[in-house]
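Dear colleague,

Here is the structure for your files. My notes on what was found follow below.

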Amino acid sequence: MTARNFPPSPQNSVFYRNLNHTYPVAVRSEGVYIYDADGKRYLDASGGAVVVSIGHGVKEIAEAAISQMDQITYCHSSQFTNPYQEELARLMADLSPGGSYYLISLTGGSEAVEAAIKVARQYHIERGNVTKHHIIGRQQSYHGSTLGALSVTGYHSRREKFLPMLLPFDLIEPCNCYQCPFGKTYPECGLECASALEASIQRLGPENVAAFIAETLVGTAAAAPVPPLEYFQTIREICDRHDILFIADEVMCGMGRTGKPFAIEHWGVKPDLIAAGKGMASGYAPLSGLLVSDHMYMVFKEGSGMLSNGQTFMGNPHSSAVGVAVLRYIQKHDLISRCAEMGKVLFSELERIQNHPLVGDVRGLGLFAGIEIVQDSLTRKPFPRTFRVYRRSLPARPHPLPRHGRGQLRRRRPSPDRTAVRHYGRGIKRGGIDPERNPGHCPCGAGEQPRAPAGGFGFLNPLPSR
Ligand SMILES: Cc1ncc(COP(=O)(O)O)c(C=O)c1O
């Protein structure tokens, strides 16, 4: 089917995410742009759902995919391994903290979280601790849409319809210094948010708790608040004391976006399990992974020797080959260091909006940045959910950029909640990293071709209250 065959407003058999919305038909993508069937181009500023970390249309990734498909179609992971899965695991282990992890490769972030939950449970069974089954999560978090992942997620609106079906896991207070759930200030707070884990473990009984899961930098639910250095160190210490595993969910913030391969390295902490996804294959194929630390691996090896979690597309050659090509590309262009470097430029540009009355907080690491828009920056009062401020201020769908380079956001009638975004757009453009004007100097700076920033991410707070 060619681009022109697509109906301009599709009325077909797709069950769309929003049944009342007419979606533009995306037919091509290159660099930082997506093109629709009418030839309009869209700036894919955050690479979809923070996925496309190396930019669209990199030819060598397509070549690697074709070459793999020429070799082998599919083989089941209970019967075979394949060279692409092996190489992907080696590359991921090389990137992992301390280099001592084993990879279970899967196809989506929710799956990686599900696998983490089940592997944690099986680990304790292998060691004879059969009562350990609770997973503790946090409020203001997002770990995926499947029922297990949603059970450890603290994102009210995504849970509420499914509440009767969710597992009764404990969700402790988040670590968010800007909107501290205890109304305290760091460091006088004594990290009450970390102590909340201890309290939860005592409530449930340490003998019943298998793992604690946290996004190292929260994405969807809170827009990148950065925990103090001691936070994850204290979490690690509490987990160790009670023989509880620490799962770092790096599906969104991992794979180099923060300027280190995995964000948890900023805290010098080694998780037992790391869930990865999104940037692992940069959207060129569905791919995710669960990194299992060597000490856990040995328990399985010396125990049953079997992983009790099988899925049809585990270790599949196609996604693995694409992942290998993307990771090699990241290495070849040193994109992770580049991310750290360009993160400094991004945050120095974002300083320009820091004093805007509606901008509460600007935060993040590397090119993983969040802006919290509030009603009043003195009181830090968020907008009510019903106001849907993020929809009003950032487009919920791509907005075409006119070719002469004046952003559509700037031409919109200003309203209070849009102003901050308008300034944000200008700041970036004045900073000389506007890919519209400098197609060869995109934030990731990987070469001549314009490429998307590795995780450029300007989210507004979608979860003002629990
Ligand atoms: C931190 C985190 N974990 C898990 C997921 C779920 O990933 P997926 O949508 O690929 O299933 C997401 C998705 O946004 C995420 O941000």
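Of the 15 residues around the ligand, those that come nearest are Gly-109, Ser-110, Gly-144, Val-251 and Met-252 (a residue is near a molecule or strand if its C-beta atom, placed from the backbone, lies within 6 Å of it). This is a predicted model: local features need pLDDT of at least 70, side-chain atom pairs count only at pLDDT 80 or more, and totals for chains, interfaces and linings use all residues. Residues are numbered from 1 along each chain as its sequence is written.

Helix 4 (residues 109-126) contributes the most to the ligand shell, with three residues; helices (H or I, at least four residues) and strands (E, at least two) are DSSP runs, numbered from the N terminus. By type, the shell has five nonpolar, eight polar and two charged residues (Ala, Val, Leu, Ile, Met, Phe, Trp, Tyr, Cys and Pro count as nonpolar, Asp, Glu, Lys and Arg as charged, and the others, Gly among them, as polar).

There is also an open sheet of three strands, in the order 1-2-3, with antiparallel pairing (two strands pair if DSSP finds at least two bridges between them). Strand 1 (26-30) and strand 3 (41-43) are at the edges with a single partner strand each, so one side of each has no neighbour in the sheet. Strand 1 is joined to strand 2 (residues 33-36) by four bridges, and Ser-29 stands opposite Ile-34 in strand 2.

Lys-344 lies in helix 11 (residues 335-350). Lys-344 counts as exposed because it has 11 C-beta neighbours inside 10 Å (exposed means 12 or fewer other C-beta atoms within 10 Å of its own, with C-beta atoms placed from the backbone). C-alpha to C-alpha, Lys-344 is 8.4 Å from Leu-367, and the two are 23 residues apart in sequence.

Regards

Methods: A residue is buried if 20 or more other C-beta atoms lie within 10 Å of its own, exposed if 12 or fewer, and partly exposed in between; C-beta atoms are placed from the backbone.
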